[in-house]
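Colleague: Could you take a close look at just one chain for me and walk me through how it is put together? Please spell out your cut-offs as you go.

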Amino acid sequence: MDYGIEDKEQETLVRLRGRLTFNDHAKLRALIREMLQNRAKRQVLDLSTLEFVDSAGIGMLLIAREEMANADKQLVLRSAAGQVKRVLTVAQLNKIVTIED
Amino acid sequence: MSFYGRAPRLEAGPEPQEPDPSGNGSHPGNGLSDVGEKIPLSGELLATWMGYADVQRRTLEAIQNELTRTSSTVEGATLDLSDRFRELAEKAMQQSERVEQIVSMAGSVSIDGERVPMDQLVTGMQQMIADMITNIVTLSRHAMSMVYLLDDVQKDVSELEKSIGDIDAINRQTNFLALNATIEASRAGEAGRTFAVVAQEVRHLSRSTGALADRMRSKVTAVVKGVRNGHDILRQIADTDMSPQMLAKERVDKTMESLVDQTNHFQAVLETAATVSSDMSSTISHMVTGMQFQDLTKQRLEAINDSLAIMAEGLNELENRTRVEMPASLGPQVPQEWLDELLGRFKLSEMRQRFVRRLLLEGTALDEHGALDVDAGQDDSSGGDIELF
């Protein structure tokens with residue numbers, strides 16, 4: 001997995017690409033730190049180009065949400081598709097995290 | 001008093017006023033076609049009439065027999081049919097009850113002796129799977145928190161190792177300084193004696209510190225090893241992807257949905273089947289009631305038979321009276337052509353044979369009407385065979 005950060009006026013847009021698996025845990029931690037340092041309150045993860053997420057990836061997304069909440073920020077998961085969308089749906093993550101199409 | 005005496009014109013031969021237009025109408029034994037024509041009232045006419053009367057009486061008797069036979073055939077068949085229909089109605093009713101039993105069971109399953117409706121079961125199972133997935137998600141999240149925690153612990157422990165190394169370096173330095181102090185103290189002689197004791201103590205202290213650092217290193221090494229092992233195991237746990245198991249919910253949901261649909265469909269079809277069976281039973285009951293037409297038919301046939309009996313009796317009486325009045329020399333004329341036509345109409349061989357037996361074998365006519373079975377006049381249970389000539 002790799003990512004690109006784009007600072008916008010109201011939000012920070014992070015585009016995730018490839019596969020988010022356990023092997024990316026260090027990278028995701030670094031990303032969380034970067035997001036915490038951003039001033040925007042809304043931190044949006046754009047998942048449209050993310051092809052795959054495993055259960056560890058879901059766990060990491062939840063940690064990210066928690067970290068954002070602790071820093072009084074909002075995590076938004078946007079434009080999930082394919083396997084990622086299906087996993088988010090069956091995990092009922094919409095009950096915990098804001099999910100946008 | 002003779003019949004001839006009452007009608008002297010009988011002996012006068014053919015009617016002179018109304019001659020036979022065809023010229024052959026008076027031919028004796030000409031059959032039905034001649035009946036409508038004028039026949040001279042004569043002995044021949046009487047003989048012809050007697051022949052007809054004989055055959056007609058026998059025909060009436062034969063018809064009476066046929067009617068009785070037909071009535072009892074219909075009665076037997078009707079009773080048999082009624083019984084079978086009743087049986088059929090009973091079976092249709094049983095079928096309906098069985099199907100209703102299935103219908104009542106179809107929408108639910110038995111779990112620990114308790115009937116659970118199918119939709120409730122499906123909802124329950126879906127909820128169970130949803131809970132399972134929630135647990136997987138929670139576990140994954142906790143596992144990743146632990147991974148991050150142990151990442152940090154490993155970093156801290158490495159720093160600890162480094163710190164122990166620092167202590168060692170400081171200790172070596174201290175030991176070296178103490179050694180130098182001891183040397184300097186011995187050079188100073190008596191004046192440095194006290195200082196030498198202090199330097200010696202410092203060296204002891206340094207050795208103790210070194211020993212402590214060694215013990216710490218060995219413990220820290222054990223901790224590092226344990227943490228690394230734990231970290232590895234945790235990585236293995238966290239690296240076990242459970243997303244396929246989570247996605248299995250999709251398949252299970254679809255299967256459950258299909259199961260419910262199918263059950264509902266079965267139930268609907270079975271309900272229709274139960275209704276149809278019940279309808280069938282009621283229709284068959286109506287049919288059994290409808291079979292009562294046979295009673296009416298039987299009564300009518302009996303009435304007709306009674307009329308025919310009276311007619312035959314009248315004919316017989318008239319025949320007897322005529323025979324008494326007729327000259328002994330005259331015998332009845334057999335209406336051959338009429339007979340031929342009558343018998344030609346019977347297409348059922350056994351019925352024809354009964355007629356032939358009664359009309360010909362018991363009568364005076366000759367056997368000119370096809371194969372005669374000597375048993376034909378008797379009852380024959382297989383009388384339904386139809387034979388076309």
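Modeller: Happy to! Let me start at Gln92(A), which sits in the loop between α3 and β5 (98-100) of chain A; here helices are DSSP runs of H or I with at least four residues, strands are runs of E with at least two, and both are numbered from the N terminus. This is a predicted model, in which local features need pLDDT of at least 70, side-chain atom pairs count only at pLDDT 80 or more, and totals for chains, interfaces and linings use all residues. Residues are numbered from 1 along each chain as its sequence is written, while chains are lettered from A and ligands numbered from 1 in the order in which they are written.

Gln92(A) has a positive phi, near 50 degrees, in a residue other than glycine. With 13 C-beta neighbours inside 10 Å, Gln92(A) counts as partly exposed. The cut-offs, with C-beta atoms placed from the backbone, are 20 or more other C-beta atoms within 10 Å for buried, 12 or fewer for exposed, and partly exposed in between. Asp72(A) also has a positive phi, about 60 degrees, although it is not a glycine. Asp72(A) belongs to the loop between α2 and β4 of chain A, and it counts as exposed because it has 7 C-beta neighbours inside 10 Å.

Now for the chain around these loops. Chain A contains three helices and five strands, in the order β-β-α-β-α-β-α-β from the N terminus on. It has 101 residues, 41% of them buried. Taking contacts between residues at least 6 apart in sequence, 71% join residues at least 24 apart; a contact means C-beta atoms, placed from the backbone, within 7 Å.

On to the strands, which pair if DSSP finds at least two bridges between them. β1(A) and β2(A) run antiparallel with six bridges, and a hairpin links them through three residues. In that pair, Asp7(A) has Thr12(A) of β2(A) as its bridge partner. β2(A) in turn pairs with β3(A) in the parallel sense, over nine bridges, and there Arg19(A) stands opposite Phe52(A) in β3(A). β3(A) also runs parallel to β4(A), joined by five bridges, with Gln74(A) in β4(A) as the partner of Arg42(A).

In a regular strand the side chains alternate between the two faces of the sheet. β4(A) has a covered face with Leu75(A) and Leu77(A), and an uncovered one with Gln74(A), Val76(A) and Arg78(A).

His25(A), Leu28(A), Leu31(A), Ile32(A) and Met35(A) are the buried residues to look for in α1(A). Seen down the helix axis, the buried residues of α1(A) fall within an arc of 110 degrees, so they line one face; the arc is that of the directions from the axis to the C-beta atoms. An α-helix has 3.6 residues a turn, so residues three or four places apart point the same way. Turned away from the buried side of α1(A) are the exposed residues Ala26(A), Ala30(A), Arg33(A) and Gln37(A). The cover over its buried residues includes β1 (2-7), β2, β3 and α2 of chain A, together with α3 of chain B.

Leaving out residues up to four places away in sequence, Val87(A) touches Val53(A), Ile58(A), Ser243(B), Met246(B) and Leu247(B).

Finally, the contact between the chains takes 17 residues from chain A and 21 residues from chain B. On the chain A side, α1, α2 and α3 each give two or more residues, and α2(A) gives the most, with seven. By class, that side has 10 nonpolar, four polar and three charged residues, where Ala, Val, Leu, Ile, Met, Phe, Trp, Tyr, Cys and Pro count as nonpolar, Asp, Glu, Lys and Arg as charged, and the others, Gly among them, as polar.

Key:
Contact = placed C-beta atoms within 7 Å.
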